[in-house]
Amino acid sequence: GASHHIVIAGDSPAALSLANDCRRYKDSVILVAEDLPSETALGLRRKGVTVLEGDATQIETLRTSRAHHAAHVIAFEPDDTANLQIEACVRRLVGDHRRKPPIGVHVATRSAMLLKEAREMRSAQTRKGKVEAAPVDPKPFSLEEIAARALVQSQSQTLLSLAQQLNQDRVHIVFFGFDAGGEAVAERMLVSLWSAHFEPPRVTVLAPNPEAVGAGFRARHREAFAHPDVWAADVTFMPFDWDAASIGAELLDQIESQRGKATAIVVSTGADPGNIHLALALKRACNRGLRWPVPIFMRESSTSEFSQQYAKGDETEEIDAYLQAFGAHQTTATRARVIEGNLDRGAAVAHEHYNKGLGKRDAMSMKELQSAMRDWSDVLETYRAANRAVADAAMTKLWDAGWRPVKKGEKGDTQPTVAPELLDRMARREHDRWMAERLVSGWRPTADGEARDNELMIHNKIVPWD
């Protein structure tokens with residue numbers, strides 16, 4: 001008799017975190033897992049989670065979990081292919097039956113390219129008008145992207161203020177390691193940290209195999225490097241093997257001479273112990289003579305005793321290097337972020353503002369007009385991606401205009417304004433940021449004789465402001 005419940009498929013720490021968080025909100029939760037230890041299953045059952053042993057890629061297992069009557073199904077297996085199979089099984093279970101609202105099927109992906117393609121597939125369905133009556137609403141997501149967006153939204157004003165204090169001409173992020181989590185942060189920085197008071201953001205990556213890492217990043221973001229007349233991502237890959245060399249002044253000298261001083265450091269090597277060791281070494285090196293008094297964002301897959309004690313952020317008034325952890329499944333795999341998508345609230349607001357201003361814009365085709373006027377849940381994915389970047393850049397615009405968020409218990413203005421003399425400069429910079437986001441997302445400018453084509457991701461507005 002389970003109805004409007006939440007089905008979670010997977011036994012990873014992130015899946016278990018989500019199950020526990022949903023129970024805190026009094027949701028009815030059914031967890032489907034194959035090899036869950038008996039002690040773990042007993043602990044979940046004591047918290048009210050129904051645990052089913054089985055393979056969630058098999059339709060009969062999902063039928064047992066009543067997935068076709070669920071409010072949400074979260075495909076949270078470690079294998080991206082298995083998660084796509086789970087989505088397909090839910091579709092087959094539902095068949096032609098109507099579901100109002102449709103069942104939200106949240107598909108976890110580790111591959112950034114697969115996430116993009118899954119979202120584009122959803123857009124293709126929207127263009128064909130299949131989404132409105134569909135009983136299943138696919139919602140691809142990535143924990144790496146969630147962690148990166150949360151970091152950028154919360155830390156952008158800190159980074160801009162520090163760059164200003166250090167008299168830097170731009171925000172410069174130095175990465176030690178470039179796993180999927182690190183790459184997600186770099187991508188968000190490149191499309192969001194565009195301030196009217198600074199040059200475009202800069203990224204420097206240190207890795208044991210910089211040629212391979214750089215080639216992969218450029219292949220995944222070809223258009224971000226292919227149009228230097230409009231914008232080319234300022235990303236450089238340098239060699240450094242943290243297992244074979246130590247962190248010292250000579251390394252900081254090398255980075256500084258080639259790329260300039262850092263505004264922040266991101267440590268994301270792919271292994272939590274390595275990240276902790278490297279972050280500690282960097283903190284000591286950066287604080288020796290206050291060489292680089294910058295935040296060091298240390299990625300961790302799970303909240304550790306170390307991060308709770310030593311990587312809690314800036315706890316002193318003076319400017320110095322400090323550690324801050326990000327990306328743990330306890331903070332990313334939550335009901336608010338995975339199921340409710342609260343990081344997209346600002347993006348939905350941006351879309352609503354866009355709708356209200358349509359009448360003042362250039363002539364649009366009826367197809368484009370209808371697409372833009374849809375509710376957020378029905379917006380084409382390419383526009384959702386653009387609005388996500390707008391939301392992630394909101395705090396940067398606020399900082400540019402001289403404003404900051406109030407602290408807890410503090411009163412502030414509810415209608416911040418922009419000085420008239422800043423408007424033109426901010427508008428130009430916002431256009432630059434928008435072009436960067438479109439290029440990073442795979443769009444390209446129109447060539448001679450070409451017209452805009454949304455299917456082929458060709459845009460006639462990817463041109464310099466003038």
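Which helix makes a right-handed β-α-β unit together with S2 and S3?

Reply: That's helix H2, residues 38-46, which sits between S2 and S3 in a right-handed β-α-β unit. Before going on, keep in mind that this is a predicted model, where local features need pLDDT of at least 70 and side-chain atom pairs count only at pLDDT 80 or more, while totals for chains, interfaces and linings use all residues. Residues are numbered from 1 along each chain as its sequence is written, and side-chain values use heavy atoms, with hydrogens and water left out.

A few words on terms. Helices (H or I, at least four residues) and strands (E, at least two) are DSSP runs numbered from the N terminus. "Right-handed" is about the crossover: with the strands pointing away from you, the path from the first strand over the helix to the second runs clockwise.

The two strands of that unit are S2, residues 29-33, and S3, residues 50-53, and they pair in the parallel sense over four bridges.

Look next at Asn20, which is in helix H1, residues 13-24. Its relative accessible area is 18%, so Asn20 is buried. (Buried is under 20% relative accessible area, exposed is over 50%, and partly exposed is in between, using a 1.4 Å probe and protein chains only.) Neighbours within four places in sequence aside, Asn20 is in contact with Leu44 and Lys47, where contact means heavy atoms within 4.5 Å.

Six strands form an open sheet in the order S9-S8-S7-S10-S11-S12, with parallel pairing. S9 (234-239) and S12 (322-326) are at the edges with a single partner strand each, so one side of each has no neighbour in the sheet. From one strand to the next, the twist averages 20°. For such angles, axes are lines fitted to C-alpha atoms, for helices over the stretch in contact, and values run from 0 to 180 degrees between N-to-C directions.

Follow S11 for a moment. Five of its five residues are buried, so S11 is largely enclosed by the rest of the structure. Pro295, Phe297 and Arg299 point one way from S11, and Ile296 and Met298 the other way. As a rule, side chains in a regular strand alternate between the two faces of the sheet. S10 and S11 pair in parallel over three bridges, with Ile265 opposite Ile296.

H6, residues 143-165, lies across S7, S10, S11 and S12, at about 175° to S11. H9, residues 249-259, lies across S7, S8 and S9, at about 150° to S9.

H16 (residues 381-392) meets another helix, H7 (residues 180-192): their axes come within 9 Å and cross at roughly 80°. That makes H7 roughly perpendicular to H16; the labels are roughly parallel under 35 degrees, roughly antiparallel over 145, roughly perpendicular from 65 to 115, and oblique for the rest. Arg188, Val191 and Ser192 of H7 touch Arg388, Ala389 and Asp392 of H16. By class, this contact has two nonpolar, one polar and three charged residues. (Ala, Val, Leu, Ile, Met, Phe, Trp, Tyr, Cys and Pro count as nonpolar, Asp, Glu, Lys and Arg as charged, and the others, Gly among them, as polar.)

Last, a loop detail: Asn167 lies between H6 and S7. Its phi is near 60°, a positive value in a residue other than glycine. With 69% relative accessibility, Asn167 counts as exposed.

Conventions
Two strands pair if DSSP finds at least two bridges between them.
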